[in-house]
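The entries follow the order in which I looked things up.

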Amino acid sequence: MTAASASDRPIAPRPGVLDIAPYEGGQSKIAGQDRVIKLSSNEGALGPSPAAVAAFEAASKTLARYPDGGSVALREAIGTRFGLDPARIVCGAGSDELLGLMARGYAGEGDEVLYTEHGFLIYPIAASSVGATPVKVAEKNLRTDVDALIARAGNRTRLVYIANPNNPTGSYIGLDELRRLRRGLPDGVILVIDSAYAEFVTADDYDSGVTLVNENDNVIMTRTFSKIFGLGGLRIGWAYGPAHIVDVLNRLRMPFNVSTAAQAAAIAALADRDHFDRAVALNTGMRARMTAALTAAGLVIPPSQGNFVLARFPGGVAQAEAADAFLKSRGIIVRRMGGYGLPDCLRVTVGLAEECDAACSALAEFMAGKEGRRG
Ligand SMILES: *Cc1c(COP(=O)(O)O)cnc(C)c1O
């Protein structure tokens, strides 16, 4: 190869990369306001367990040392807590990393990756980043449509991503529907069940995906410490799957992908059952209270199994925008939903009681005012 032939080729990223719309996280600041209520990123309302914070601080003594690349103690702690074989668990820098690695491991140019209409935006990013084609499949009443996914899956389909419960709709499908989905997909398609909000679910017929993983060799479940455990800033998640998929993820991930501090904090977080139970109880109570208050204010709130509620404005996109501006003027940050195909909605994270009440009373005030009544 000569230098001339090398320089003749223009520098360009791989196909698909420039199709990616960079992910935008929830806003955390409002210009001119120093105290804000941030209900835009579904972060755990209680924050982390004090034991997790202490473990994080203790990890500062060993910063010169590389982490345990296998996250062995953490995988054992996860295995003990959830009754799973640690050898079939892999940890990641957030579950986002693992969701992305599934695309890298199993999809490429010419392949299709399915996700649902209002599904998490990381899925099309993961697909495009490996040159695969992300395919959005319609939902039914803001819920994963099993029949539509089965009908759309074909020869080129390699992966189906679903979030269960889904963000931002809060809806879920039960174990029977999950099984029906798996049965209806071709065997060569891997079903990725993203259960980031599993701990918040109160529905009886829910399964986090563990049952499906145990029953099949082509299903993987992802989980996170970013939501109920309040450790979003540390970047730590995990996946449970069949040995052959876990092996692929272990080959693809960077050798030291989870920091020492993250591993230590996550282990301590798992051990603090009191904090966990309080976080669940708070969420269950506040989610119901917000749903009732916002419904009474005239908004349409689909039932949520997560730590957030989706609020649909009867007056449409302009009303949702005006409500968002009104909330900001009160120092309250929620999430606009245009990127998820729901521009007439806002998503409000379940926070502490006073945060939820502030958001709900501001929205009630807005709906009772000139802009609100326009709907
Ligand atoms: C928040 C969230 C995650 C978690 O991502 P991490 O990388 O683990 O912080 C995964 N999936 C969905 C649907 C989410 O909303």
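In which crossing, left-handed or right-handed, does α3 pass α10? I found that α3 passes α10 in a left-handed crossing, a term for a near helix turned anticlockwise from the far one by less than a right angle.

I noted that this is a predicted model, in which local features need pLDDT of at least 70, side-chain atom pairs count only at pLDDT 80 or more, and totals for chains, interfaces and linings use all residues. Residues are numbered from 1 along each chain as its sequence is written, and side-chain values use heavy atoms, with hydrogens and water left out.

I then looked up the axes of α3 (residues 72-82) and α10 (residues 260-271), which come within 9 Å and cross at roughly 20°. Axes are lines fitted to C-alpha atoms, for helices over the stretch in contact, with angles from 0 to 180 degrees between N-to-C directions. The two helices, α3 and α10, are therefore roughly parallel (under 35 degrees).

Helices (H or I, at least four residues) and strands (E, at least two) are DSSP runs, numbered from the N terminus.

I recorded 4 bridges between the antiparallel strands β7 (residues 219-224) and β8 (residues 237-240). Thr222 stands opposite Ala239 in β8.

Conventions: Parallel < 35°, antiparallel > 145°, perpendicular 65-115°, else oblique. Pairing = 2+ DSSP bridges.
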